[in-house]
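Colleague: Hi, could you walk me through this one? I'm new to it.
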Amino acid sequence: MPLDDRPSTLSVDVVVIGGGVNGTGVARDLALRGLSVALFERNDLAFGASGNSSGMIHGGARYLTQNPNVTAESCRDSGYIQQIAPFLLHRIPFLVPVKAGAKGRVLIELIDAFFELYDRYQPLKRGERHTRLSAQDLAKLEPGLRGSLVGGVTFDEWGVDGSRLCVLNALDAKERGAKVFVHTSVESIHKRPAGMAGAGRYLVVARNLLDGGIERAEAKVVVNASGAWGPLTAALGHVASSRVRVRPGKGVHVAFDRRLSNYAIMAESIDGRQIFLEPWQNMSVIGTTDDDYYGDLDDVCATSDEVRYLVQGIARVFPEIRTARAIGTWAGVRPTLHTYGPLEDKLSREHMIVDHAEDGAPDIYSMIGGKLASYRSFSQEMSDRIARDLAPSRHCTTHERTLPGGDRPLDPLLLAESHELTPVAARRLVFRHGSRAEAILGRIAARPRECTVVCPCEPVLEAEVRHVVREEDAFTVDDVARRTRLGLGACGGMRCAARCGQIIAEERGLPPQEGLRQARRFLHTQAKRRVAALNPDQARQESLALQVMDATLGRGSREDEDR
Amino acid sequence: MKIVVVGGGIAGTAAAYAARSAGADVVWIVGTSGATVLAPGAFDLTPWQDRPSPEDLTSVAKSLVTALGYVAADGPAWIATSVGVVRPCRLRDAALLDLGVLPRGARIALPRVVHAEWDADALARTLGSDPYALERGLRFEAVDVPIHRFGGERDLPHLALAARHDAEGRSAWLAARLRAHTPAPDAWLLPPWLGTRPETVARIRGAVGAPLGEAISLPPSPSGARFRQARDALFPARVEGFVKRVTSELRVDTETGETFDADAVVLATGGIAVGGVYYTPAEATLAGELPTTVTPAFALGIDAEVTLGESGRPLLQPGSAQGPQPEHLAWPHRRTPVLERVGVLSAQAGIYPAGDVVADAPRTWLSALESGLRAGAAACAFAARLSESR
């Protein structure tokens with residue numbers, strides 16, 4: 001039977017391909033304007049660069065001298081994100097230590113003047129003004145700093161959980177009628193012959209990678225927001241990949257088991273790049289590398305080589321990093337605009353929309369580049385373009401309407417008291433879910449055992465695990481980890497993965513053995529991500545953990561391991 | 001003849017036991033119980049996925065494990081784990097429930113209790129779908145028998161709850177609850193709360209009547225605590241402390257300054273996981289850009305006359321100032337990581353390694369036990385030859 005005669009399961013205005021921050025951002029924007037949207041994500045929401053970033057919506061200070069408009073836009077958008085999801089942000093004060101010496105004395109004046117300029121933009125994102133510090137101040141604020149320093153400067157940025165940001169955008173889009181398909185890979189984009197029944201010009205066919213089911217959607221417009229996968233996606237719509245060229249840049253972060261410093265600290269790598277140590281959520285993170293990437297985008301992993309490069313650079317100002325306990329790494333691939341020649345670091349972080357009308361594919365657009373901090377305005381730009389034809393009277397409201405959970409503040413301490421939780425558990429729950437934390441805790445009234453802690457490191461309650469499976473499209477243990485940070489703490493999921501798999505199997509009506517298989521797969525993936533950062537003490541711990549896993553769960557088949 | 005055994009885990013215990021049985025005068029130096037106390041209580045000669053292991057336990061091994069309170073069955077025992085897998089084993093902690101001896105179609109009850117690591121309903125479903133349970137028609141059922149007695153117990157770790165049941169009043173209370181439940185099941189599968197002393201479970205079993213036992217749990221499980229109790233009862237005389245040096249004259253110095261002269265020494269100090277072998281790549285201690293000295297990344301925790309190696313190769317000068325790349329050494333990239341295979345490759349005459357400290361040895365509790373017995377016997381034989389030649 002010809003493809004087009006079969007009934008389409010779905011007919012929408014716009015199909016968005018990619019569940020990163022740009023894809024979910026566009027889906028939300030369009031859904032708020034009353035358009036019907038279907039979003040397809042090959043892996044999970046925030047699987048790529050969005051969920052593996054430095055976790056900051058920074059103001060783009062580095063563009064200040066060349067292109068102050070970019071800085072202004074980043075700061076303004078950062079301010080909007082604070083308005084729509086205040087619960088999801090935490091302040092990260094930065095510190096730039098300056099080495100002593102004649103050069104340092106000049107440098108600190110320049111840095112001071114530079115941040116004087118940056119201060120003008122800080123009100124846009126509710127940031128504090130910069131402060132100049134003496135060497136004594138530095139020693140007091142960060143006793144871990146070493147080396148002979150002339151002083152330093154502080155400035156203010158905001159941390160965000162990039163995965164939650166994507167999930168909340170997708171959730172809001174869903175609540176306004178959008179359909180979101182995760183683990184569903186688009187296999188082809190067909191142009192439907194003119195005059196066919198139905199309004200859509202395109203037919204998008206996608207396959208669910210978990211159950212093999214086929215999804216089909218007719219759409220008037222297709223948005224390719226698949227980041228580094230962009231060229232591959234474009235080819236499915238018969239657009240030459242060269243029209244959506246990105247220069248994939250791998251970025252690596254290493255996470256440590258606690259907050260090692262009060263301030264984020266800037267440092268310089270051996271090749272003169274700016275790297276940093278930042279307190280982020282309940283841990284410290286160092287980052288980041290930027291290297292051209294030629295590997296598989298579905299399987300990006302940090303290497304010990306990259307970890308050592310970062311540790312070396314940070315240790316020059318903060319030597320304790322060498323003995324700190326790394327608990328994991330994450331790696332993502334930036335979809336940077338393609339240019340041949342410049343060093344990775346010199347590439348523009350700007351974004352661009354490619355209209356494929358010129359390629360014989362009108363109403364297919366590709367979004368390339370961009371940053372976490374300005375995803376909202378990039379999404380607005382894309383949506384404005386689409387809405388020009390489809391919903392000209394509706395304007396963007398993504399900067400005014402709050403994301404799910406952002407409507408009112410909740411006091412975590414009161415919640416902890418009323419639900420007999422530890423204050424930490426309550427605080428973390430509110431950080432992730434805002435006012436929706438109440439709904440999650442509401443589950444406990446019906447089933448008291450849901451107040452038990454599944455993941456003691458984070459901590460994550462059973463109620464939250466069930467909630468994200470039911471309401472936030474989590475299908476695997478890895479998905480739950482992305483949404484709740486379950487299993488990403490010091491124990492690497494040893495204590496919680498099996499239980500989490502069990503819950504997922506229960507909620508999804510899968511055989512219990514499938515839950516265990518998922519748990520094994522998660523543990524193997526996490527171990528692979530962790531192994532590059534192993535220090536001696538941790539090697540011991542890992543070795544024991546392996547024995548534990550063997551004794552209770554079994555190592556499973558070769559197939560699980562090879563994933 | 002005087003044998004010094006270093007190490008308080010199962011390999012050291014076995015070596016001390018073998019040497020004592022052979023009539024030696026044993027000085028047993030115990031620092032910690034290492035990885036042994038973290039063992040879950042169900043043991044096999046090879047990792048349990050590589051079943052079966054047909055060799056039988058030696059009679060010495062059988063008498064030791066029986067003395068330590070373990071049960072060695074003729075066929076494999078089948079044990080439930082707390083995540084819902086049924087696994088076979090050759091030898092088990094007596095407190096674990098052996099599903100293998102239950103009749104076909106047996107009804108096994110799991111009490112419902114609000115505890116993070118015990119969801120009876122999910123566990124019953126998962127166990128019920130295990131191939132072994134399906135084959136034998138075992139039925140797992142969650143039942144309402146509240147076995148928390150006091151407030152706050154939902155947040156206590158298993159080990160603390162096990163300790164509470166050492167009290168006679170508490171274990172009698174538990175037994176009464178289980179006994180009163182109708183209809184009585186064919187067996188009870190309980191959380192790992194059945195005491196930190198071997199006698200607690202016997203008392204509860206006696207009071208309930210029906211077969212009952214624990215499921216294997218994540219460490220710290222009471223199984224390790226029971227091992228330590230049984231070991232200490234078996235060997236009341238021990239030297240508590242850590243060894244600093246074993247010289248080529250077979251002199252053993254402890255960190256507290258004691259010195260023992262031995263006719264033979266057994267090193268059962270553990271592998272990379274808990275003790276014996278240290279992994280110290282240069283970068284871990286790096287202050288500046290490059291290390292001042294470059295040493296192999298692995299070392300034995302004590303200063304003894306041995307050669308360390310893996311895969312039958314001694315560890316040579318490293319090829320990197322920073323140390324080896326962890327992803328080339330460690331789990332999960334290889335099924336048996338290099339890291340785990342590093343250990344004592346050869347030792348001078350009179351020093352016998354046992355347990356995880358032996359290079360390339362399979363890393364199971366039971367194989368550690370057997371290597372301990374062998375090392376103990378070999379040490380005695382060496383000491384005997386030595387006294388003959390004198």
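**Where the chains meet**

Modeller: Happy to! Across the interface of chain A and chain B, the rule finds 16 residue pairs in polar contact, both at pLDDT 80 or more. A polar contact is a pair of N or O atoms within 3.5 Å; within protein, one must be able to donate a hydrogen and the other to accept it, and residues adjacent in sequence count only if both atoms are side-chain atoms. This is a predicted model, where local features need pLDDT of at least 70 and side-chain atom pairs count only at pLDDT 80 or more, while totals for chains, interfaces and linings use all residues. Residues are numbered from 1 along each chain as its sequence is written, chains are lettered from A and ligands numbered from 1 in the order written, and side-chain values use heavy atoms, with hydrogens and water left out.

Colleague: How many salt bridges are there across the interface of chain A and chain B?

Modeller: The rule finds four, each a side-chain nitrogen of Lys or Arg within 4 Å of a carboxyl oxygen of Asp or Glu. One salt bridge joins the side chains of B:Glu117 and A:Arg495 (3.2 Å, N to O).

Colleague: New topic: is A:Asp156 buried or exposed?

Modeller: A:Asp156 is buried, because its relative accessible area is 3%, and buried means under 20%, exposed over 50%, partly exposed in between (1.4 Å probe, protein chains only).

Colleague: And what does the side chain of A:Asp156 make a polar contact with?

Modeller: Its partner is the side chain of A:Arg91, at 2.3 Å. Leaving aside neighbours within four places in sequence, A:Asp156 is in contact (heavy atoms within 4.5 Å) with residues including A:Arg91, A:Ile92 and A:Lys125.
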